[in-house]
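Trainee: I am new to this structure and should like to be guided through it. May we proceed by question and answer?

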Amino acid sequence: MSSNYIILGAGVIGLTTALELRSRFPHSTITIIARFLPGDRDATYTSPWAGANWLSVATDNGRQESWDRITYLKFQQLAKSKQGQIMLVESPKTPMTRMYFRSPQRVNKDTTYVFPRGPHNGVVLGGVRLDNDWSGEVDLEFAEDIKRRCCALAPELGRPEDLKVIYHGVGLRPSRKGGARLEREMFGEHLVIHNYGAGGAGYQASWGMAKEAVDLLQKGSRL
């Protein structure tokens, strides 16, 4: 099957969908159209700010859990790969050997996490979730709160005031009311696959959502 495909958006969902398309249709032409591409930084380009971990927050016993499971199995296959990640604070002198995650509920605005990126690549600290805030500006008061919570959770980090911040990152989570949208729609003679709105679960659901999107494409192409 040789066709032309266009993907709108170069976040983790869009890029993973492109990889899934390439694996199934190696002779097709795949074009990615996006305002931002890997290497760019902007509050509206969310994927570069992500912790890029896998920790399922699915509660539906359905599609979300399926996406996360497929992605987990794919990550197992890719476990030996090396990827650059964002760095917020310098690594402590004593190497961290585990990540930390604590949340009062499955998804909560005060969820706290510490994701080390190897012994010399820094540590990602988070987080905070503010609904309906589109400013994209760093709030230093929130930053201090994040440092306090993370140091309390991960003693290896030391004291909050001693953390050496490399840079602060703000990203707008691509969430939507009703959850992620993954479905087919016809625009005239053109088939469109909607695949967006994963919120903070983009990395952990990426391969599962990409697989379902391409499944829908194949199903739609046979109609």
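This is a predicted model: local features need pLDDT of at least 70, side-chain atom pairs count only at pLDDT 80 or more; totals for chains, interfaces and linings use all residues.

Trainee: Is L8 buried or exposed?

Mentor: L8 lies in strand β1 (residues 4-8). Buried means under 20% relative accessible area, exposed over 50%, and partly exposed in between (1.4 Å probe, protein chains only). Because its relative accessible area is 70%, L8 is exposed.

Trainee: What does E20 touch, not counting residues up to four places away in sequence?

Mentor: E20 belongs to helix α1, and its 12% relative accessibility is why it counts as buried. Contact means heavy atoms within 4.5 Å. By that rule, E20 touches W207, A210, K211 and V214.

Trainee: How far apart are the end C-alpha atoms of helix α3?

Mentor: The expected span of a helix is 1.5 Å times one less than its number of residues. Helix α3 (residues 140-153) has 14 residues, so it should span 20 Å. The distance between its end C-alpha atoms agrees: 20 Å.

Trainee: Which residue caps the N-terminal end of α3?

Mentor: The cap is made by a side-chain oxygen that lies 2.9 Å from the backbone nitrogen of E141. The residue that supplies this oxygen is D139.

Methods. Residues are numbered from 1 along each chain as its sequence is written. Side-chain values use heavy atoms; hydrogens and water are left out. Helices (H or I, at least four residues) and strands (E, at least two) are DSSP runs, numbered from the N terminus. A polar contact is a pair of N or O atoms within 3.5 Å; within protein, one must be able to donate a hydrogen and the other to accept it, and residues adjacent in sequence count only if both atoms are side-chain atoms.
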